[in-house]
Amino acid sequence: MIDYNNIIERYYTPGADDYKLLVKHSTQVALLSKQLCDRLIAGMHPVDEDFVWEAAMLHDIGMFKTNAPSIFCYGTEPYICHGVIGRQLLEGMGLFRHALVCERHTGAGLAAQEIIDQGLPLPHRDMIPLSLEEKVVCYADKFYSKSHVAPAKPIDVVRKQLSKFGPGTMQRFEAMAQLLGEPDYDALDSDLK
């Protein structure tokens with residue numbers, strides 16, 4: 001296992017607002033990811049639980065370089081770039097699998113054509129979760145917001161929020177929902193207490 005706390009503390013000061021927000025959000029995503037992994041294992045789907053936990057804790061590592069003051073980020077890059085930035089940071093440490101989770105968790109993943117059509121300031125390549133582990137973190141992330149830390153969103157709220165990004169996004173999300181199911185919200189609430 002890697003020391004993800006040490007990696008977070010390379011870029012975020014413990015106790016600072018951005019650190020607290022990142023760790024809270026990442027922990028929420030990691031707890032839901034664990035629940036989903038437990039469900040997959042019970043269904044005889046092999047999944048690397050330790051890796052998923054680490055990747056969930058690091059999936060937003062690049063947000064500090066973005067310009068998103070509402071979540072205490074005062075960098076210069078557009079927020080949509082935080083996944084690509086995270087990939088670059090983690091690849092620099094040799095964490096190639098973790099790096100791909102960073103890049104592929106935005107939305108329900110982004111196809112190169114969607115990036116081009118929407119004029120997004122991202123490399124023109126597919127950034128779609130492929131591995132089971134990537135899908136777990138991407139899916140779990142959709143249930144939590146960083147702009148206001150709250151309990152997991154109901155799946156219908158997630159669907160409504162993602163629907164504005166087009167049919168490709170919805171198809172990918174629905175495929176993940178079919179595979180992973182709806183969160184057990186009561187269990188998540190007890191995990192966070």
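**Close-up views of a predicted model**

View 1. C138 is buried, at 0% relative accessibility (buried: under 20% relative accessible area, 1.4 Å probe, protein chains only). The closest cysteine sulfur to that of C138 belongs to C102 and lies 12 Å away, too far for a bond. With a disulfide taken as a pair of cysteine sulfur atoms within 2.5 Å, the count is zero. C81 is likewise in no disulfide, its nearest cysteine sulfur being that of C73 at 13 Å. C81 is buried, with a relative accessible area of 7%.

The model is predicted: local features need pLDDT of at least 70, side-chain atom pairs count only at pLDDT 80 or more, and totals for chains, interfaces and linings use all residues. Residues are numbered from 1 along each chain as its sequence is written, and side-chain values use heavy atoms, without hydrogens and water.

**View 2. Helix 2 against helix 7.** The axes (lines fitted to C-alpha atoms over the stretch in contact; angles from 0 to 180 degrees between N-to-C directions) of helix 2 (residues 17-42) and helix 7 (residues 132-141) come within 8 Å and cross at roughly 130°. Residues in contact (heavy atoms within 4.5 Å) include H25, V29 and L32 of helix 2 and L132, V136 and Y139 of helix 7. The contact residues divide into 10 nonpolar, two polar and one charged (nonpolar: Ala, Val, Leu, Ile, Met, Phe, Trp, Tyr, Cys, Pro; charged: Asp, Glu, Lys, Arg; polar: the others).

**View 3. Helix 4 and its cover.** Helices are DSSP runs of H or I with at least four residues, numbered from the N terminus. In helix 4 (residues 82-91), eight of 10 residues are buried, among them V84, I85 and L89. Helix 1 (4-11), helix 3 (49-58) and helix 5 (96-104) are included in what covers the buried residues of helix 4.

Technical notes. Helix = DSSP H or I, 4+ residues; strand = E, 2+ residues; numbered from the N terminus. Buried < 20%, exposed > 50% of the residue type's maximum accessible area, 1.4 Å probe, protein only.
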